[in-house]
Amino acid sequence: PQFPIRLFASDSSEMSDEVAKAKEAAKAFDLSSSDGAGSDTVFDKLLSGEWPSDKVYEDDKAFAFRDVSPQAPVHILVIPKKRDGLVSLSKAREDQKELLGHLIYVAQEIGKKECPKGFRLVINDGEEGAQSVFHLHIHILGGRQMNWPPG
Ligand code: TR5
């Protein structure tokens with residue numbers, strides 16, 4: 001063929017720890033039926049202050065803190081303070097559009113301050129998206145040259 005052929009890793013020996021963890025978490029959670037009601041995540045403990053977090057920003061709707069397992073020199077998570085069914089991006093309701101816009105706006109404010117040469121926003125959704133915590137979060141990654149395509 002005249003074009004490069006891409007092979008996609010599908011066997012678990014090529015899976016990173018993070019992906020394996022996310023796959024397990026996604027299977028256990030069952031995104032297809034659960035809105036998460038009644039099941040807190042670790043982010044609730046950070047929001048309530050029960051567990052300490054490295055807070056970067058807070059307003060009435062959004063909370064941002066440094067990721068405990070950073071994948072880049074800057075790795076910050078932006079989350080809605082009230083999950084309200086937003087266990088993942090694909091659960092968003094129409095009446096949450098403004099909140100989603102606000103979270104992205106907050107993320108770019110933090111991103112441009114922390115990473116003046118550029119940054120990346122990531123939202124992992126569901127099992128194949130490698131989501132492991134079921135409370136919507138936007139990853140802000142930067143402080144180094146990011147590569148493309150992502151893994
Ligand atoms: O895989 P997804 O996209 O769901 O991202 C979840 C992120 O939450 C990962 O990057 C984790 O490193 C991060 N995480 C998980 C915990 C945690 C955290 N960030 C800050 N503080 C944390 N605590 C205290 N506990 C965690 N389990």
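Begin by selecting Ala130, which is found in the loop between S4 and S5; helices (H or I, at least four residues) and strands (E, at least two) are DSSP runs, numbered from the N terminus. This is a predicted model, in which local features need pLDDT of at least 70, side-chain atom pairs count only at pLDDT 80 or more, and totals for chains, interfaces and linings use all residues. Residues are numbered from 1 along each chain as its sequence is written.

Although Ala130 is not a glycine, its phi is positive, at about 65 degrees. Ala130 is buried, with 20 other C-beta atoms within 10 Å (20 or more count as buried, 12 or fewer as exposed, and anything in between as partly exposed, with C-beta atoms placed from the backbone).

Next, select Asp84 in the loop between S3 and H3, where phi is near 45 degrees, again a positive value in a residue other than glycine. Asp84 is partly exposed, with 16 other C-beta atoms within 10 Å.

Now move to helix H3, residues 97–114, and colour its buried residues, Leu103, Val106, Ala107, Ile110 and Gly111. They cover an arc of only 135 degrees around the axis, which puts them on the same side of H3; the arc is that of the directions from the helix axis to the C-beta atoms. Turn to the other side of H3, and you will find Lys97, Glu98, Gly101, Tyr105 and Lys113 exposed.

Finally, select Trp148 and Pro149, which are joined by a cis peptide bond with omega near 0 degrees; Pro149 has its place in the segment after S5.

Conventions
Expected span 1.5 Å × (residues − 1).
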